[in-house]
Amino acid sequence: ELSAAWLDESVARSNGFAADPGVTHVVPLPATEAEAWSGMKSTARNRVKKAERAGLVAEVTNDPAVVEHFFEQLGEVFGKQGMARPYGIDRPRSLFRHLMPAGRLLAVWVRHEQRVIAAGLFPHDERCIYFWGAGSWLDSQQLCPNELLQWTVMRHAVELGIPTYNMCGGESQFKDKFGGSDVPYCLYNRSLVPLL
């Protein structure tokens, strides 16, 4: 399964890949934190300020426990929609184990009174940072941890000189608050087992 803007759909199809067109939300990141802040809609800025007033603290971490927090919170998010998580705990553990030592993963959690109430994993290279996954406890969402989490990701990406934030999925009022726009993309997949 792969996706790349430069990949020609006819070439992918001629090599046995199925194409699944969609949209993703892409936020161009400016050179400074101040520009990134002003590029967000006022609703996002106000919710970040609300989170900070409530005493929430967002931290970039290399503690592997962030994976457990993320996975538990993701389960509650999916459960609210009557769905199961799309993968097991081994996938985010593997992501952390392989990308963190390579300096290609931003792991962020948000604490309120020492309790981790939101957590996310954001792989990146020098060109783009990706919203791979995040979760938060439903009983804490009124404190706006998700907005603070996203702002922390954007702020650190700007510090690293990463020019683009791909929020991996579009048509979302939540993602629209952070600036940018929905852009078309195609996901290509091919099974090594023909029956599948």
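The following is a dialogue on how the labels used for this predicted model follow from its values.

Biologist: What makes T152 buried or exposed?

Modeller: T152 has a relative accessible area of 1%. The cut-off for buried is under 20%, so T152 is buried. This residue lies in helix α6, residues 145-160.

Biologist: Which residues does T152 touch, leaving out those up to four places away in sequence?

Modeller: T152 touches A58, V60 and V108. Contact here means heavy atoms within 4.5 Å.

Biologist: What does the side chain of T152 reach, and at what distance?

Modeller: The side chain of T152 reaches the backbone oxygen of L148 at 2.8 Å. The limit for a polar contact is 3.5 Å between N or O atoms, and 2.8 Å falls within it.

Biologist: How do you know whether C128 and C168 are bonded or too far apart?

Modeller: The closest cysteine sulfur to that of C128 is in C168, 7.3 Å away. A disulfide needs the two sulfur atoms within 2.5 Å, so the pair is too far apart for a bond. Seen from C168, the closest cysteine sulfur is that of C128, again at 7.3 Å. By this rule the count of disulfides is zero.

Biologist: Are those two cysteines buried, partly exposed or exposed?

Modeller: C128 has 9% relative accessibility and counts as buried, because the value is under 20%.

Biologist: Why is the pair R13 and E9 called a salt bridge?

Modeller: The closest N and O atoms of R13 and E9 are 2.9 Å apart. The cut-off is 4 Å, so the pair qualifies as a salt bridge. Both residues lie in helix α1, residues 9-14, and are four residues apart, about one turn of the helix. R13 is partly exposed at 46% relative accessibility, and E9 is partly exposed at 35%.

Biologist: What is the distance for R93 and D90, and where do these residues lie?

Modeller: For R93 and D90 the closest N and O atoms are 4.0 Å apart, and the pair forms a salt bridge. The cut-off is within 4 Å. R93 and D90 are three residues apart in helix α5, residues 90-99, and so are separated by about one helical turn. R93 is partly exposed, with a relative accessible area of 34%. D90, at 57%, is exposed, because exposed means over 50%.

Biologist: Which parts does the salt bridge of E126 and R104 tie together?

Modeller: The side chains of E126 and R104 meet in a salt bridge at 3.3 Å, N to O. E126 lies in the loop between β4 (115-123) and β5 (129-130), and R104 in the loop between α5 and β3 (105-112), so the pair ties together parts that are 22 residues apart in sequence. R104 is partly exposed, with a relative accessible area of 31%. Salt bridges also link R104, D125, E126 and R127 in a network.

Biologist: How many salt bridges are counted by this rule?

Modeller: The count comes to ten salt bridges.

Biologist: What makes the phi of E113 and Q114 worth a remark?

Modeller: Most residues other than glycine have a negative phi. E113 is not a glycine, yet its phi is positive, about 50°. Q114 is not a glycine either, and its phi is positive at about 75°. E113 is placed in the loop between β3 and β4, and Q114 lies in the loop between β3 and β4 as well.

Biologist: How do you know whether E113 and Q114 are buried or exposed?

Modeller: E113 has a relative accessible area of 70% and Q114 has 67% relative accessibility. The cut-off for exposed is over 50%, so E113 is exposed and Q114 counts as exposed.

Biologist: Which residues form the nonpolar patch on the surface?

Modeller: The patch is formed by L192, V193 and L195, with about 410 Å² of accessible area together. L192 is found in the segment after β8 (181-189). Its relative accessibility is 82%, so L192 counts as exposed.

Biologist: What makes N46 partly exposed?

Modeller: N46 has a relative accessible area of 44%. N46 lies in helix α3, residues 42-53.

Technical notes:
Residues numbered from 1 in each chain as written. Predicted model: local features only at pLDDT ≥ 70, side-chain atom pairs only at ≥ 80, totals over all residues. Heavy atoms only, no water. Patch = residues over 30% accessible without salt bridge, like charges linked within 9 Å, V, L, I, M, F, W, Y side chains within 5 Å. Areas by Shrake-Rupley, 256 points an atom, 1.4 Å probe, with all protein chains shown as cover. Helix = DSSP H or I, 4+ residues; strand = E, 2+ residues; numbered from the N terminus. Buried < 20%, exposed > 50% of the residue type's maximum accessible area, 1.4 Å probe, protein only. Polar contact = N/O pair within 3.5 Å; in protein donor to acceptor, adjacent residues only side chain to side chain.
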